[in-house]
Amino acid sequence: MHRTGGRVVAGDYDDSRRWVSHTVQTTGRKDAVMPGFEGSDAEWRGMLSCARNEYAGLPVDFVEKPPANGEYLLVFVGGSPTNMGMSRMWGWASAGSKEVVPHGVGFVFSADHKAKDRTIALCETLAHEVGHMIGLDHSTDCNDVMSTNAACRNRDYKHGRIRGFQSPNLAILASSLATWGRSAQDPTTRLADDAADKTQKVRANVPQQQKTPPAR
Ligand SMILES: [Zn+2]
């Protein structure tokens, strides 16, 4: 989890160690300068502890410094899609197909999360984007955090209700994580979230109770 922003460079493959992002490449830009997290310490801590809970039971942790050993995924939290010339997205990340994106890089556009129950909204976006990086596609199950169906009227942030991963996705997460790092980098994992139709699909991530982020 990266909190203080910085310059992320476009590349054919993600590289969490060097801040290279294929997602940025799909925007046509050479780089993106992302601002740091603009929220409070309490929001940051709340988001992390909520995300840990979303991944409870799986070998995933959310840390604030790169681990000394082993592979890791990198999530920039801060700014808005306009920082990379895009609009109307809560988050964006490379998506693996039932496997972890090697050295994956993702983004949570926290500045556009302006709902009252911001910590929960940030947590859902973070869990969702990391879900993509661990191999999940969008879900049709309204109760799954990978759902993007705007017709699912089951959000209830006010009462602390948060969507989690449902059984089919939990199984995929477990199996992706179990084989993480065992295979060589595969070009099929370089697909950005929703390659052909990304804006439309990612836009559908918009939680029901939040205003659509401004185009600029
Ligand atoms: Zn998505």
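I began with helix H2, residues 41–54: its 14 residues reach 20 Å from the first C-alpha to the last, close to the 20 Å expected at 1.5 Å a residue. I then listed the buried residues of H2, which are Glu43, Trp44, Met47, Leu48, Cys50, Ala51 and Glu54. They lie on the same side of H2, because the arc they cover around the axis is only 165°. On the face turned away from this buried side I found the exposed residues Arg45 and Asn53. I also looked up the packing partners of the buried residues of H2: they are strand S4 (74–77) and helix H3 (118–133).

I note here that the model is predicted. The pLDDT of the protein chain averages 85, and 81% of the residues score at least 70. Residues 187–216 have a pLDDT below 50, yet in the model this stretch has 77 contacts beyond near neighbours in sequence. Where pLDDT is low, the predicted coordinates should not be read in detail.

Next I recorded the overall layout. The protein chain holds five helices and six strands. Read from the N terminus, the order of elements is β-β-α-β-α-β-β-β-α-α-α. Of the 216 residues in the protein chain, 52% are buried. I also checked the sequence range of the contacts: among those between residues at least 6 apart in sequence, 72% join residues at least 24 apart.

I turned to strand S3, residues 31–34. Its covered face is formed by Ala32 and Met34, whereas Asp31 and Val33 make up the uncovered one. In a regular strand the side chains alternate between the two faces of the sheet. Strand S1 (residues 6–10) runs antiparallel to S3, and four bridges join the two. Within this pairing, I find valine 9 opposite aspartate 31 of S3.

My last entry concerns the metal site. Which atoms coordinate the zinc ion? I find the NE2 atoms of His128, His132 and His138, at 2.0 to 2.1 Å. Along the chain, these donors follow the spacing H-x3-H-x5-H. Histidine 128 and histidine 132 are four residues apart in helix H3, so about one helical turn separates them. I checked the burial of these two residues as well: both histidine 128 and histidine 132 are buried.

Conventions:
Residues are numbered from 1 along each chain as its sequence is written. This is a predicted model: local features need pLDDT of at least 70, side-chain atom pairs count only at pLDDT 80 or more; totals for chains, interfaces and linings use all residues. Side-chain values use heavy atoms; hydrogens and water are left out. pLDDT is the predictor's confidence in each residue, from 0 to 100. Contact means heavy atoms within 4.5 Å. Buried means under 20% relative accessible area, exposed over 50%, partly exposed in between (1.4 Å probe, protein chains only). Two strands pair if DSSP finds at least two bridges between them. The expected span of a helix is 1.5 Å times one less than its number of residues. The arc is that of the directions from the helix axis to the C-beta atoms. Donors are N, O and S atoms within 2.8 Å of the metal (3.2 Å for Na, K and Ca); water is not among the atoms, so sites may look incomplete.
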